[in-house]
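Have the structure open while you read.

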Amino acid sequence: MPLGILIDLDDTLIDDTFAMRQAARSFGELHEDLAALAADRLADRWGELTETHWRRFRDGETTLQGQRRARVRGLLSRDVPDPEADALFARYLERYETHWRRVEGADEFLARTAGVPKVIVSNGERGQALRKVERLGVGRHFVAVLTPEHTGKPKPDPSLFLAAVALLGLEPADCLMIGDNLEADIVPARSLGMAAFHVSMHEPGRRLVDSLAGPEGPR
Ligand SMILES: [Mg+2]
């Protein structure tokens with residue numbers, strides 16, 4: 001067992017893709033222009049737009065609200081006045097939040113690592129990341145929730161990893177990083193000398209609980 005664990009939030013501890021897709025599937029009910037589109041098509045398109053515009057936000061090219069408006073405009077394929085875009089996004093957000101849930105095996109993972117100090121290291125917007133942790137009822141399991149607001153730079157920049165390790169009073173080599181994103185979570189952790197486990201939520205052998213004991217024994 002590692003001395004400390006760093007763990008990503010979205011699609012590692014919380015099934016964010018599920019919440020996003022479920023909420024996006026109902027866009028047809030939320031806007032008449034989208035009523036004719038199939039739910040799966042809406043979810044796919046929203047996923048693509050989210051990836052594109054969230055990356056722009058994290059690269060400092062737009063604001064949190066700016067990327068939200070851009071996603072709405074992309075989905076409607078036209079220019080949308082800010083108030084209309086904000087109103088539609090707010091209705092989406094309400095639904096998105098109702099679908100937040102822990103990934104399968106999260107309770108078992110938290111029970112088995114009860115004696116290991118853990119820090120959440122997320123690229124999410126701080127307010128929303130904290131709401132997710134609170135809603136999931138997992139806050140007491142973590143020493144802290146670190147987001148790019150702490151160091152000014154998102155993962156894969158090493159600053160967030162190093163801040164988490166320092167908070168635990170450990171060295172990178174003592175820690176295990178768990179995350180679903182190869183580029184943002186795994187590559188930088190390994191460059192710092194940490195062990196890293198690449199989660200894939202629905203893949204046997206690569207789920208969160210599998211991070212603690214692989215075929216070659218405890219990591
Ligand atoms: Mg993630």
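Two strands count as paired if DSSP finds at least two bridges between them. Helices (H or I, at least four residues) and strands (E, at least two) are DSSP runs, numbered from the N terminus. With that in hand, take Gly4: its opposite number in strand 4 is Cys175.

A word on what you're looking at: this is a predicted model, where local features need pLDDT of at least 70, side-chain atom pairs count only at pLDDT 80 or more, and totals for chains, interfaces and linings use all residues. Residues are numbered from 1 along each chain as its sequence is written.

**Overall picture**

The protein has 9 helices and 7 strands. Its radius of gyration, taken over C-alpha atoms, is 18 Å, close to the 17 Å from the globule rule for 219 residues, so the protein is as compact as a globular protein of that length; the rule itself is 2.2 Å times the number of residues to the power 0.38. The C-alpha trace spans about 55 × 35 × 25 Å along its principal axes.

Domain bounds here come from an automatic or database domain assignment. That assignment gives domain 1 (4–15 + 101–218) and domain 2 (16–98), with 26 Å between their centres, taken over C-alpha atoms. Residues are in contact if their C-beta atoms, placed from the backbone, lie within 7 Å; on that basis 8 residues of domain 1 touch 6 residues of domain 2.

Five strands form an open sheet in the order 3-2-1-4-5, paired in parallel. At the edges sit strand 3 (144–146) and strand 5 (195–198), each pairing on one side only. Here are some of the pairings:

| Strands | Sense | Bridges |
|---|---|---|
| Strand 2 and strand 3 | parallel | 3 bridges |
| Strand 1 and strand 4 | parallel | 4 bridges |
| Strand 4 and strand 5 | parallel | 4 bridges |

Zooming in, Val121 stands opposite Leu146 in strand 3, and Gly179 has His198 in strand 5 as its bridge partner.

Is strand 4 buried or exposed? A residue is buried if 20 or more other C-beta atoms lie within 10 Å of its own, exposed if 12 or fewer, and partly exposed in between, with C-beta atoms placed from the backbone. By that count 5 of the 5 residues of strand 4 are buried, so the strand is largely enclosed by the rest of the structure. Cys175, Met177 and Gly179 point one way, while Leu176 and Ile178 point the other.

**The cores**

A nonpolar core is a set of buried Ala, Val, Leu, Ile, Met, Phe, Trp, Tyr and Cys residues joined through C-beta atoms within 7 Å. The largest one holds 32 residues, and those touching the most other members are Leu6, Ile120, Val121, Phe161, Ala164, Met177 and Ile178. Apart from that core lies another of 12 residues, among them Leu42, Val72, Val80 and Leu88.

The peptide bond from Lys155 to Pro156 is cis, with omega near 15°; Pro156 sits in the loop between strand 3 and helix 8. Asp11 isn't a glycine, yet has a positive phi of about 65°, and counts as partly exposed with 18 C-beta neighbours inside 10 Å. Ser77, also not a glycine, has a positive phi of about 55°. Ser77 is exposed, with 9 other C-beta atoms within 10 Å, in the loop between helix 4 (64–76) and helix 5 (82–98).

Methods
Two residues are in contact if their C-beta atoms, placed from the backbone, lie within 7 Å.
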